[in-house]
Amino acid sequence: MRDLIVFGEDFGALPSSTQHLVKRLAKKRQVLWINSIGLRKPNFNLKDAKRALDKLLGKGKSQTFARGEVIKPASMTVATIKTFPAPKSHWARTLTAKAMLRQLRPMIEKLNLHDPIVWTSLPTAADVCRLLDKRSTVYYCGDDFGSLAGVDHETVLEHEKSLVEHASLVITASDKLYGKFPLDKTCLLTHGVDSVQFSSPTQPASDLPNRGRPTAGFYGSLSDWLDYDLINQTIAAMPDWDFVFIGQCELAKHPFIEQTTSFALDQNHITSYLVTANIGP
């Protein structure tokens with residue numbers, strides 16, 4: 001059974017389809033999971049400075065956002081490598097890819113990975129994928145990187161084009177994404193649900209509102225693409241309901257009507273937050 005080298009988001013920070021799939025593939029193979037190598041250049045602000053420092057110290061988002069223990073398969077090794085995120089120029093892309101390769105090779109040798117397949121959910125891994133000894137490459141595309149918030153769109157799409165040309169297989173999570181790529185190497189795998197997790201009995205989270213009122217629950221990142229005017233109009237029109245939003249807030253400030261909205265941030269225990277919801281995502 002061939003092992004895996006995975007370029008994904010920071011493992012354990014937020015639940016994702018990549019983690020959902022790879023944790024199951026890890027039951028029969030070794031996995032080297034590389035935490036996020038970035039989708040945009042850092043800006044000159046405190047948030048990005050802290051993020052850059054965390055990367056240099058080998059600290060991923062899982063240590064920031066996950067309140068509980070991050071559980072990974074025994075066959076999985078999670079690593080953070082030093083890199084310059086989303087390089088644009090040819091020389092910057094070349095230097096960055098070679099720097100990543102120098103860090104990866106000792107890990108691959110130490111783990112004695114068997115003929116590993118490279119799996120990436122990040123287009124910015126395109127250049128290092130080409131340098132990994134011509135190994136088979138799978139591009140798992142779960143997002144439209146041309147419109148995703150917090151991404152250097154032009155740069156990342158250039159990386160994606162290169163990655164698709166090199167990839168042996170492209171897997172997309174939606175029909176719209178499927179139509180973007182060459183049909184002879186692309187397949188569709190729509191998002192699913194962890195039926196065991198969502199069918200198992202669970203107790204409500206302790207920090208949920210407990211006022212005997214109906215609850216509307218939303219799970220997902222709070223980003224630019226949501227219609228907050230519409231959401232706030234809905235909240236204002238339903239004063240007898242509690243609204244619970246579960247996920248990372250990627251905005252500069254709180255986007256909701258303060259007195260009517262509750263937040264829950266433990267994404268690793270999603271079912272305990274949604275169990276009391278009368279209306280869910």
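View 1. At 41% relative accessibility, D115 falls in the partly exposed class (buried is under 20% relative accessible area, exposed is over 50%, partly exposed is in between; 1.4 Å probe, protein chains only). D115 sits in the loop between α4 and β4, where helices (H or I, at least four residues) and strands (E, at least two) are DSSP runs numbered from the N terminus. Its phi is positive, about 40°, although D115 is not a glycine. Bear in mind that this is a predicted model: local features need pLDDT of at least 70, side-chain atom pairs count only at pLDDT 80 or more, and totals for chains, interfaces and linings use all residues. Residues are numbered from 1 along each chain as its sequence is written, and side-chain values use heavy atoms, with hydrogens and water left out.

View 2. N112 follows α4 and has a positive phi, near 55°. N112 belongs to the loop between α4 (90–111) and β4 (117–120). With a relative accessible area of 62%, N112 is exposed.

**View 3. α4 end to end, with its kink.** The 22 residues of α4 should span 32 Å at 1.5 Å a residue, and the end C-alpha atoms are 31 Å apart, which agrees; the expected span is 1.5 Å times one less than the number of residues. There's a kink of about 25° at L104, shortly before the proline P106 (the bend is the angle between axes fitted to the seven residues ending at a residue and the seven starting there).

**View 4. The buried residues of α4.** Buried here are A92, R93, T96, A97, M100, L101, L104, I108 and L111. An α-helix has 3.6 residues a turn, so residues three or four places apart point the same way. The partners that the buried residues of α4 pack against are β1 (4–7), β2 (31–34), β3 (76–79), α5 and α6 (153–166), with contact meaning heavy atoms within 4.5 Å.

**View 5. The largest cavity.** The count is 1 cavity of 30 Å³ or more, and the largest cavity has a volume of about 60 Å³. A cavity is a set of points on a 1 Å grid over the protein atoms alone where a 1.4 Å probe fits but cannot get out, and lining residues have an atom within 4 Å of a point. Residues lining the largest cavity include I37, F84, R93, M100 and D127. α4 gives the largest share of that lining, 4 residues.

Key:
1 Å grid on protein atoms, 1.4 Å probe; cavity = no way out; pocket = protein on both sides within 12 Å on 5 of 7 lines; lining within 4 Å. Points joined across faces, edges and corners; volume = space filled by probe spheres on them.
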